[in-house]
Amino acid sequence: MSNLQSEASIPINNFQHIMELFGNYDENAKMIEESLGVSIIARGNEIKIQGDEERVELAEKLVKNLLEMISKGESLNAQNISYSIGLLMAGDEDKIIDLVKEVICVTHKGKQIKSKTLGQKIYVESMNRNEIVFAIGPAGTGKTYLAIAMAVRAMRNREISRIILTRPAVEAGEKLGFLPGDLQDKVDPYLRPLYDALYDILGAETYQKYRERGVIEVAPLAYMRGRTLDDSFIILDEAQNTTPEQMKMFLTRMGFGSRIVVTGDITQIDLPPGKSSGLITAARILGGIKGIDIINLTEKDVVRHSLVQKIIVAYEKYYGKKGNRQQR
């Protein structure tokens, strides 16, 4: 690394963009400074970057990309700044802007839903191309949320006539008859994460309207048996907790004009000892079939709190050393 000190100036016509770049209490600027070892100062209608010549060059590329993201309506936060720095250090800074180009759909509050990592972008592109997509990865990678966003977009574009969301109710052993209340009361705790995503995208009122009309159906996996699902966008969540028999049953529900997305995390299998995971089995035997794609997301695609990514990495290292990861 060169020790030659350097300075770069970036002119900006929109003062609001400077404020968004620096963030509350300059938290964004401080993050960039600490990561790249430079000093960033706002003076009038320009930003000055000072430090080692090579680092200043990197920081200048980063700041220009972040400003372009802001101009496209993207809000900066610790996650997308950190991810952008990672791409920059890997020599992939040209891919930073690619992430904000395509809007998957818009929520009822006007928020644009977009891919936030390259892995998510590949996942979304796969859902556009294939009729069945398996998304395997750790918590926080947007597997389910992006699938629901794609389903809502397909419904709004009249590509499908209904959305069906399902999960295996493993904790209840799928024997829900022993639980108090009607069917909805029994399955709600297991399906709550799916409701949350639908509420966030559609709003509670619109969701309820679609639910009453049968346009959206949320049900446990056991209630898929014996059905043929035409013109539907079908999402199976927490698929690591299916057995191979359940997975086969689910996949063969697919009718004409339908698309299926299966999501799961093979490091969080809650099946009884001795039971194989239907997700692992399906990924092994179906990957070579045209129209079916297997997408593997990693800790690099985690878009929750930065500590979530560190927790996942720590567990990966622990199980890797101990050799006691449960693969069933």
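The structure is a predicted model.

The salt bridges come first. The structure holds 14 of them. One is formed by the side chains of Glu-74 and Lys-114, with a distance of 3.2 Å from N to O. Glu-74 lies in the loop between helix H3 (53-71) and helix H4 (78-89), while Lys-114 lies in the loop between strand S5 (112-113) and helix H5 (118-129), so this pair ties together parts that are 40 residues apart in sequence. Glu-74 has a relative accessible area of 16% and is buried. Lys-114 is also buried, with a relative accessible area of 7%. Both values can be read against the cut-off, because buried means under 20% relative accessible area.

Another salt bridge joins Lys-121 and Glu-125, whose closest N and O atoms are 2.7 Å apart. Here both partners lie in helix H5, four residues apart, which is about one turn of the helix. Lys-121 is partly exposed, at a relative accessible area of 26%, and Glu-125 is partly exposed at 28%.

A further salt bridge is found between Glu-238 and Arg-167, with the closest N and O atoms 3.3 Å apart. Glu-238 is in the loop between S9 and helix H9 (244-251), and Arg-167 is in strand S7 (residues 162-167), so the pair ties together parts that are 71 residues apart in sequence. Glu-238 is partly exposed, with a relative accessible area of 26%, whereas Arg-167 counts as buried at 12% relative accessibility. There is also a network: Glu-7, Glu-46 and Lys-48 are joined by salt bridges that share partners.

Thr-144 gives a view of a buried position. This threonine sits in helix H6 (residues 143-156), and its relative accessible area is 16%, so Thr-144 is buried. Leaving aside residues up to four places away in sequence, Thr-144 touches Leu-194, Asp-237 and Thr-263. With Thr-263, one of these neighbours, there is a polar contact of 3.5 Å between the two side chains.

The last topic is the backbone. Tyr-25 is not a glycine, yet it has a positive phi of about 55 degrees. Tyr-25 is found in the loop between helix H1 (15-22) and helix H2 (27-36). With a relative accessible area of 77%, Tyr-25 is exposed. Asp-231 is another residue other than glycine with a positive phi, in this case near 45 degrees. Its place is in the loop between strand S8 (216-220) and strand S9 (232-236). Asp-231 counts as partly exposed, at 38% relative accessibility.

How values were computed. Residues are numbered from 1 along each chain as its sequence is written. This is a predicted model: local features need pLDDT of at least 70, side-chain atom pairs count only at pLDDT 80 or more; totals for chains, interfaces and linings use all residues. Side-chain values use heavy atoms; hydrogens and water are left out. Helices (H or I, at least four residues) and strands (E, at least two) are DSSP runs, numbered from the N terminus. Buried means under 20% relative accessible area, exposed over 50%, partly exposed in between (1.4 Å probe, protein chains only). A polar contact is a pair of N or O atoms within 3.5 Å; within protein, one must be able to donate a hydrogen and the other to accept it, and residues adjacent in sequence count only if both atoms are side-chain atoms. Contact means heavy atoms within 4.5 Å. A salt bridge is a side-chain nitrogen of Lys or Arg within 4 Å of a carboxyl oxygen of Asp or Glu.
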